[in-house]
Amino acid sequence: VIWAATHGMLMRPPGRSPTWTHVPFALRPMPFPRPEFDHAVRLAPVFGRLVDRVSRDTKWLHATLEATARADEFTRGLLEISQRVHAEGEAQSA
């Protein structure tokens, strides 16, 4: 559990609780079919390019996330951060 906390695997339970809990995880390895693993490895570069291109089109990304942000507090927070960062431009204050 300490490893999970030090590696960004904490979340707040639903509601306004001031406490944190770790995300679910397994301590034992799980078998994974080799063909599915190989398929994921082949798709990784394509997915990486997709994520890169979406992240560079901030106007589209912000517009697309607006509806979700209205309904989801976490997404709203991420969208607000992104909008502030992009409004500040390349040089951001520390």
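The accessible surface of the chain comes to about 8,400 Å², and carbon and sulfur atoms account for 64% of that area. Areas of this kind were computed by the Shrake-Rupley method with a 1.4 Å probe, and for residues only the protein chains shown count as cover.

The model is predicted: local features need pLDDT of at least 70 and side-chain atom pairs count only at pLDDT 80 or more, while totals for chains, interfaces and linings use all residues. Residues are numbered from 1 along each chain as its sequence is written, and side-chain values use heavy atoms, with hydrogens and water left out.

**Confidence and fold**

The average pLDDT of the chain (the predictor's confidence in each residue, from 0 to 100) is 88, and 97% of the residues score at least 70. Confidence is lowest in helix H1 (residues 2-6), with a mean of 81, and highest in helix H2 (residues 34-56), with 96.

The chain contains 4 helices and 2 strands. Helices (H or I, at least four residues) and strands (E, at least two) are DSSP runs, numbered from the N terminus. In sequence order the pattern is α-β-β-α-α-α.

**Overall dimensions**

The radius of gyration of the chain is 18 Å, whereas a compact globule of 94 residues would have one near 12 Å. That radius is taken over C-alpha atoms, and the globule rule is 2.2 Å times the number of residues to the power 0.38. The C-alpha trace spans about 45 × 40 × 30 Å along its principal axes.

Of the 94 residues in the chain, 7% are buried. Buried means under 20% relative accessible area, exposed means over 50%, and partly exposed lies in between (1.4 Å probe, protein chains only). Among contacts (heavy atoms within 4.5 Å) between residues at least 6 apart in sequence, 10% join residues at least 24 apart.

The chain has 12 positive and 10 negative charges, and their mean positions are 4 Å apart. Lys and Arg count as positive and Asp and Glu as negative, while His and the chain ends are not counted. Each charge is placed at NZ of Lys, CZ of Arg, CG of Asp or CD of Glu.

**Individual residues**

| Residue | Relative accessible area | Class |
|---|---|---|
| His-62 | 13% | buried |
| Thr-75 | 15% | buried |
| Phe-37 | 40% | partly exposed |
| Glu-88 | 42% | partly exposed |

His-62 is in helix H3 (residues 58-71). Not counting residues up to four places away in sequence, His-62 touches Leu-79, Ser-82, Gln-83 and His-86. Thr-75 belongs to helix H4 (residues 73-88). With neighbours within four places in sequence left aside, Thr-75 is in contact with Leu-65, Thr-68 and Ala-69.

Glu-88 is also found in helix H4. Phe-37 is part of helix H2. Phe-37 and Glu-90 are 53 residues apart in sequence, and their C-alpha atoms are 38 Å apart in space.
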